[in-house]
Amino acid sequence: MQYFERLNKSFINGKWVEGKSSRTYDILDPYDDSVITTVSLATEEQLTETFKIAQTAQKEWAKTSPEQRKNVLQKALEYLKNNHDEIINMIVRESGGTIHKANGELIASCVELEESIQFADKIYNIEEISSSTEGKVNHLYRLPLGVISSITPFNFPMNLGMRTIAPAIALGNSVVHKPDIQTGLTGGQIIAKAFEYAGLPQGVFNSILTDLTEIGDGMITNPIPRLISFTGSTAVGRHIGKIAGENLKRVALELGGNAPFVVLSDADVDRAVDAAIYGKFLHCGQICMIANRIIVQKNHYDEFVTKFTERVKKLKTGDPKDSSTVIGPVINGRQADKIMGVIDQAKTDGLRLAVEGKRKGNIISPYVFVDVPNNSTLAQTEIFGPVAQIIPAETDDQAIEFANDTEYGLSAAIFTTDLEKGEKLALNIDAGMTHVNDQTVNAQANAPFGGNKASGLGRFGNPWIMEELTTIKWVSIQEKYRDFPF
């Protein structure tokens with residue numbers, strides 16, 4: 001408990017600071033709603049001051065050598081590895097994630113941090129380009145962008161924060177970060193602790209524990225940050241994009257998804273079922289990339305439904321601290337209510353249940369709907385819960401057509417034994433990422449991560465995030481006197 005208590009303050013200018021609001025927030029364990037810790041929320045005034053601090057700190061941090069930045073990142077990585085057990089416990093308790101999910105998130109966070117070390121050499125490098133003017137030498141410089149505003153959600157808070165924070169710092173930027181308060185410890189303060197241990201200069205990384213009641217749109221309307229990095233819902237992403245556009249700010253937006261998991265006529269059904277089970281129920285389905293629609297060509301439909309539902313009935317639900325648990329609690333009661341509302345609406349719409357789960361507190365055991373029309377309300381909803389739906393397709397072409405029939409375009413999967421065909425069809429799915437013979441939840445620090453359509457703008461990953469976090473400057477040197485016509 002002491003480990004949690006030390007992290008329940010905002011981290012501003014290298015210090016652990018109490019929020020100045022009269023309001024507090026209880027961070028709860030979603031499994032039993034017990035209080036992990038209580039946070040005094042930071043105010044809008046504190047946020048405004050933090051941006052000023054970050055702006056001042058960035059100017060000095062940008063002058064550091066690649067070796068200095070690399071050393072800080074290496075030591076932050078060391079901290080995460082040395083405190084593995086405490087961090088895993090924190091992720092399980094705060095997010096309700098299983099031990100498997102917690103291990104995966106910590107590993108992914110370490111990989112993001114390790115990959116970002118490579119960025120430290122990428123700024124201030126000179127690239128020379130040709131000139132049409134005699135005697136002119138043209139140099140291109142990649143420079144730090146400045147102050148980055150980072151906003152992250154509750155589901156994979158440490159990993160989704162680290163993929164912006166670590167490369168931003170490596171590239172000479174400073175960061176003001178606001179994790180979802182529900183997972184504020186893992187989403188921000190454990191990262192702050194790692195950089196404090198690493199000796200990062202004061203003000204380069206700041207993590208604010210607060211909520212929208214206190215700060216409103218302060219993370220996006222403040223004039224100082226040059227980029228808004230946001231992971232969350234499409235509705236909020238549209239709001240951020242509108243304000244950022246009006247203020248000519250850059251955005252990196254990773255938003256909602258409605259991932260299709262397509263099983264073609266020549267697929268290996270058993271392997272497809274294995275992947276679909278994992279890709280649907282990892283972290284209770286609370287992942288933007290989760291397999292939201294399972295689309296099966298009719299030749300395999302009955303077999304797939306039978307095998308999938310048999311497996312679903314065997315998934316263990318319960319306490320996430322039990323290593324055998326597959327499905328623990330969703331993040332809070334409001335989210336559980338929302339999921340149950342989606343289920344009730346699907347029942348009202350006459351959709352057929354093959355597996356009917358039940359709710360106990362924040363734990364919802366799996367539901368499986370079958371014979372779901374792709375144009376139904378259920379199929380067009382990002383459920384964000386342990387609710388599977390299986391959609392029949394008459395042909396392989398129709399399966400791909402169904403896959404694209406959504407406003408979203410984040411991740412997708414195709415199962416086929418013809419790998420050449422699978423790769424060609426992958427290009428026909430309008431999504432930022434498509435995986436052949438795998439499930440939809442994939443992320444690599446050295447791969448472009450992001451979506452099309454309503455699933456967002458920009459790409460994370462090395463080297464693509466570098467384009468978001470830096471600016472290119474052209475410097476020309478006229479080495480020979482230039483004659484002018486007047």
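Buried stands for a relative accessible area under 20%, exposed for over 50%, and partly exposed for anything in between, using a 1.4 Å probe and protein chains only. The model is predicted, so local features need pLDDT of at least 70 and side-chain atom pairs count only at pLDDT 80 or more, while totals for chains, interfaces and linings use all residues. Residues are numbered from 1 along each chain as its sequence is written, and side-chain values use heavy atoms, with hydrogens and water left out.

**Exercise 1. Work out the strand order of the seven-stranded open sheet.**

Step 1. Two strands pair if DSSP finds at least two bridges between them. The order is E14-E17-E18-E13-E12-E20-E21, with mixed pairing.

Step 2. Strand E14 (352-355) and strand E21 (433-436) are the edges, each pairing on one side only.

Step 3. Now follow some pairs. E14 and E17 are antiparallel over three bridges, and Leu353 has Phe369 of E17 as its bridge partner. E17 and E18 run parallel and are joined by three bridges; here Val368 stands opposite Ala388 in E18. Strand E20 (residues 411-415) pairs with E21 in the parallel sense over four bridges, and Ala412 has Thr434 of E21 as its bridge partner.

**Exercise 2. Find what covers E17, and which helices lie across the sheet strands.**

Step 1. Both faces of E17 are covered: Tyr367 and Phe369 are buried on one side, Val368 and Val370 on the other.

Step 2. Contact means heavy atoms within 4.5 Å. Axes are lines fitted to C-alpha atoms, for helices over the stretch in contact, and angles run from 0 to 180 degrees between N-to-C directions. Helix H12 (residues 298-312) lies across strands including E14 and strand E17 (367-370), and runs at about 140° to E13.

Step 3. Helix H15 (residues 419-428) lies across E20 and E21, at about 165° to E21.

**Exercise 3. Classify how H3 packs on H6, and how H4 packs on H5.**

Step 1. Angles under 35 degrees count as roughly parallel, over 145 as roughly antiparallel, 65 to 115 as roughly perpendicular and the rest as oblique.

Step 2. The axes of helix H3 (residues 66-82) and helix H6 (residues 157-170) come within 9 Å and cross at roughly 150°. H3 and H6 are therefore roughly antiparallel. Arg69, Leu73 and Leu80 of H3 make the contact with Met162, Ala166, Ile169 and Ala170 of H6.

Step 3. For helix H4 (residues 84-95) and helix H5 (residues 99-116), the axes come within 9 Å and cross at roughly 125°. That angle is why H4 is oblique to H5. Residues that meet here include Ile87, Ile88 and Ile91 in H4 and Ala102 and Leu106 in H5.

Methods: Helix = DSSP H or I, 4+ residues; strand = E, 2+ residues; numbered from the N terminus.
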